[in-house]
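User: I would like a close look at a single part of this structure, namely the place where its chains meet. Please take me through that part in one connected answer, with the cut-offs behind each term that you use.

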Number of protein chains: 2
Amino acid sequence: MTGAMLFYSKFDDANDWREHLLNAMPGLDFRPHPDVGNPADIESAMVWKAPPGEMRKYPNLKLIVNIGAGVDYILKDDTLPPGVPIMRLVDPEQNRMMAQYVLLTVLRYHRNFPELEKQRREKRWQYIHPRESASLPIGVMGIGNIGSHVATELVRQGFPVSGWSRTPKSVEGVATFHGRDQLKPFLARSHILVLIMPFTPETDGIVNRDVLYALPRGAKIINIGRGALIDEAALAGAIRDGQIGAATLDVFRTEPLPSDHPFWDIEEITITPHLASIAVPRSASLQIAENLRRLRAGEKLFNIVDRARGY
Amino acid sequence: MTGAMLFYSKFDDANDWREHLLNAMPGLDFRPHPDVGNPADIESAMVWKAPPGEMRKYPNLKLIVNIGAGVDYILKDDTLPPGVPIMRLVDPEQNRMMAQYVLLTVLRYHRNFPELEKQRREKRWQYIHPRESASLPIGVMGIGNIGSHVATELVRQGFPVSGWSRTPKSVEGVATFHGRDQLKPFLARSHILVLIMPFTPETDGIVNRDVLYALPRGAKIINIGRGALIDEAALAGAIRDGQIGAATLDVFRTEPLPSDHPFWDIEEITITPHLASIAVPRSASLQIAENLRRLRAGEKLFNIVDRARGY
């Protein structure tokens, strides 16, 4: 009944996870790929970007843990055993890292750091009068678990914050909008647009030319969701037009961003290599342990993905 | 009895202040320099970097308001009428701006933005695994009104925070140290040292070679207090040695920073032109109005500078 746990990720540190998982679950039989042993031993699997078909190899698999918040990659695998629940991590430390990335990149624009850093490289001293954060309305597109945390931190820093989601939601201090009908008024007031949506067939390319031109002229984009939320050609065009003033992108349709991608030649685009946040072993191990305990006790699991909805 | 208010600043917008002061004090006779009229009409003066002797011109002056938190400049004027109280602004919006500057510059280091921005300019994609904020202990030197607010915001972001002050102080979630005896243990645990002290004879050059070498090797400095807190030659030397990893400086002994200053040639020093915060007319006008009301009613004033202590 207490089987082994497979670990499959080329991005995360198996030893770090092992240490924290064993703290939370003493005696856990932890097996980092490729040292899997007998596939029939595997009861649970922690995975990030495993190749399609990998999960089919384990006949007694009862729980898949997606290392991270976005499950679009794992759901693309149409050989995934249909009855096995997929847990996504909803980790307070990961939320904090996401919010920090957004705070950093919003404040970087708000406090004119791209310009100040340029001046500094050119050895120029030129005062720029700072503005109150009350003067910079921000829109957060996607106010689920991560988005609502990000919005709350921005509110705390004095920015007027709006939030948009597919279905009605409420976040303290945030003006909320929902559905296609309320998208335009939400966009019209967003001088910085922060994208934190999951990738689903519905959100594929949702930030298209229409959306970009519904923002105030000179608006900026921050994307920590998925690259495919954005129509990349439309964004490049909107920046060249001056409709979009700048963008900070952590995620892209193709990663690593190909060296011939037009974004590299657009100075207004800040590019970071998909590092806005990570699943933090110290904190996330606790919730994985709890779900494994529930699984073995036959209790109801939490943070399980709705495969039809896509998150 | 209800005299006029002089406004003297080459850095702040008189019209913006006029609008907010008149909202708070309808009917206020507001006189921006040089349109002062009869000097005997002046009851109160809002000043930032007025030349020495200026305050002597107004025989009926009863209150000086320093536009900003630091009063070292105004106290250097030894012709200042001795009996006139000096109010310093203790403005929540100014605190927020200070904390934002520190959050921005701390997160910029913590999340490797100097390196990531360099990679981006060179069109390179190279992943850097992000760290938890729990792994980066920060020391705040000076935990008065502004410093304690800054420390609280850093605690919220998950950083382990220590604070040092001249006299014992307590800030929730912050390990506090005080006095010369406790300076070394405070420094030993500060991987980023944030300076937010007032400039007084006691703090002149307090961050000297001894202090810099008591920090962990590779520590970073952020200075939003006053330039003269730092022995600038010692800092330049410690960066060349690798003892100090980097610095972000908003204030300098001489401002604007002279074009032949050695700091310009040290790539590890981020230079911003004294803009970490400003007094915000919207919020600060309310406390100025309240002190003027108290002055006229003969009540006790608040936020009055202790000239002997220097802040």
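Analyst: A residue is called buried when its relative accessible area is under 20%, exposed when it is over 50%, and partly exposed in between, as found with a 1.4 Å probe and with protein chains only. The model is a predicted one, in which local features need pLDDT of at least 70 and side-chain atom pairs count only at pLDDT 80 or more, while totals for chains, interfaces and linings use all residues. Residues are numbered from 1 along each chain as its sequence is written, chains are lettered from A and ligands numbered from 1 in the order in which they are written, and side-chain values use heavy atoms, with hydrogens and water left out.

The arrangement of the two copies comes first.

Taking contact to mean heavy atoms within 4.5 Å, 56 residues of chain A are in contact with 57 residues of chain B. Between them, chain A and chain B bury about 5,200 Å², and 60% of this lies on carbon and sulfur atoms (buried area is the accessible area, with a 1.4 Å probe, that two parts lose on being put together, summed over both). Of the area that chain A buries against chain B, 17% is supplied by Arg120(A), Trp125(A) and Trp264(A), which is more than any other three residues give.

Between chain A and chain B there are 30 residue pairs in polar contact, with both residues at pLDDT 80 or more (a polar contact is a pair of N or O atoms within 3.5 Å; within protein, one must be able to donate a hydrogen and the other to accept it, and residues adjacent in sequence count only if both atoms are side-chain atoms). On the side of chain A that touches chain B, the elements giving two or more residues are helix 3 (92–110), helix 4 (113–121), helix 5 (145–156) and strand 12 (269–271) of chain A, where helices (H or I, at least four residues) and strands (E, at least two) are DSSP runs numbered from the N terminus. Helix 3 of chain A gives the most to this side, with 11 residues. The residues of the side of chain A that touches chain B comprise 27 nonpolar, 12 polar and 17 charged ones (Ala, Val, Leu, Ile, Met, Phe, Trp, Tyr, Cys and Pro count as nonpolar, Asp, Glu, Lys and Arg as charged, and the others, Gly among them, as polar).

With a salt bridge defined as a side-chain nitrogen of Lys or Arg within 4 Å of a carboxyl oxygen of Asp or Glu, 35 are counted over all chains, and 8 are counted between chain A and chain B.

One of them pairs Glu153(A) with Arg156(B), with 2.6 Å between the closest N and O atoms. Glu153(A) belongs to helix 5 of chain A and Arg156(B) to helix 5 (residues 145–156) of chain B, so this pair joins two chains. Glu153(A) is buried at a relative accessible area of 5%, whereas Arg156(B), at 31%, is partly exposed.

Lys123(B) and Asp265(A) also form a salt bridge, at 2.5 Å from N to O. This pair crosses between chains, with Lys123(B) in the loop between helix 4 (113–121) and strand 6 (138–141) of chain B, and Asp265(A) in the loop between strand 11 (244–249) and strand 12 of chain A. Lys123(B) is partly exposed, with a relative accessible area of 42%, and Asp265(A) is exposed, at 58%.

A further salt bridge links the side chains of Arg282(A) and Glu132(B), at 2.4 Å from N to O. For a pair with both partners in chain A, one may look at Glu299(A) and Arg293(A), whose closest N and O atoms are 3.1 Å apart in a salt bridge; Glu299(A) is partly exposed at 38%, and Arg293(A) is partly exposed at 40%. Elsewhere, Glu93(A), Arg96(A), Arg282(A) and Glu132(B) are joined into one network by salt bridges that share partners.
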